[in-house]
Amino acid sequence: MATSLHNLSDYDLTKVPDASNMCFGIVVSEWNPEVTGALLEGTVKTLEKYGTLNENIHVKTVPGSFELVYGAHQMILNGGYDAVIILGCVIRGETPHFDYICQGVTNGIAQLNSKSEIPIVYGLLTTNDQQQAFDRCGGKYGNKGDECAIVAIKMAKF
Ligand code: DLZ
């Protein structure tokens, strides 16, 4: 979770492995595109910063965050990736729908992670409003995309 004490884009540069021989799959949700676009930009930029070739970063889109689980599963089945990253943003509305989507995605990704041979990195922003999302996709709390890229590199090396 991002707080004033923890910026999503802050990490120890010396502890990030070289990613030049790594290949990553990214699944991005089309809902809240101004947020998920910024998450994707941060993820790709940080993967490339540590050496991943652009041609080894494969991006697929899905209609909404609920479809991220299916998208990640398909990428795993396709093979060839060192890790798969999911990126989405669910913003609380007036109905309990928010809770069902967040729970569905979180449980689905956790289940996939426990049986998959490659790690899946959880880049789902779950916020009460749009401003909280903007604060976490390149705003005052950094970019969760940066965090996901670093986690993916570290977990690929694990
Ligand atoms: C339906 C819905 C709603 C209300 N809100 C969001 C959201 O804030 N973020 C998001 O990524 N997706 C949302 N969706 C779409 C669902 O994730 C899903 O695509 C549909 O329920 C169809 O399965």
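# A tour from pocket to core

Select strand S3 (83-91) and helix H3 (97-115): each supplies at least two residues to the lining of the largest pocket. Keep in mind that this is a predicted model.

**Stop one: the pocket.** Now show Trp31, Val90, Ile91, His97 and Ile101. These lie nearest the centre of the largest pocket, among its 14 lining residues. The space inside comes to about 250 Å³. Colour the lining by class: seven residues are nonpolar, six polar and one charged.

**Stop two: Asn32.** Move to the loop between S1 and H1, where Asn32 is found. Check its backbone: Asn32 has a positive phi of about 50°, yet it is not a glycine. Most residues other than glycine have a negative phi. Is Asn32 buried or exposed? Its relative accessible area is 15%, and buried means under 20%, so Asn32 counts as buried.

**Stop three: the largest nonpolar core.** Select Phe24, Ile26, Val35, Leu47, Ile85, Leu87 and Ile153. Of the 26 residues in this core, these touch the most other members. Then highlight strand S1 (24-29), helix H1 (33-49), S3, strand S4 (120-127) and helix H5 (144-157), the elements that each give two or more residues to the core.

Zoom in on Ile153. Which residues does Ile153 contact, leaving aside neighbours within four places in sequence? They are Val16, Pro17, Ala19, Met22, Phe24, Leu47 and Tyr50.

**Last stop: the second core.** Select Cys23, Val27, Ala72 and Tyr81. They are among the 21 residues of a second, separate core.

Technical notes: Residues numbered from 1 in each chain as written. Predicted model: local features only at pLDDT ≥ 70, side-chain atom pairs only at ≥ 80, totals over all residues. Heavy atoms only, no water. 1 Å grid on protein atoms, 1.4 Å probe; cavity = no way out; pocket = protein on both sides within 12 Å on 5 of 7 lines; lining within 4 Å. Points joined across faces, edges and corners; volume = space filled by probe spheres on them. Helix = DSSP H or I, 4+ residues; strand = E, 2+ residues; numbered from the N terminus. Nonpolar A, V, L, I, M, F, W, Y, C, P; charged D, E, K, R; others polar. Core = buried A, V, L, I, M, F, W, Y, C linked by side-chain atoms within 4.5 Å. Buried < 20%, exposed > 50% of the residue type's maximum accessible area, 1.4 Å probe, protein only. Contact = heavy atoms within 4.5 Å.
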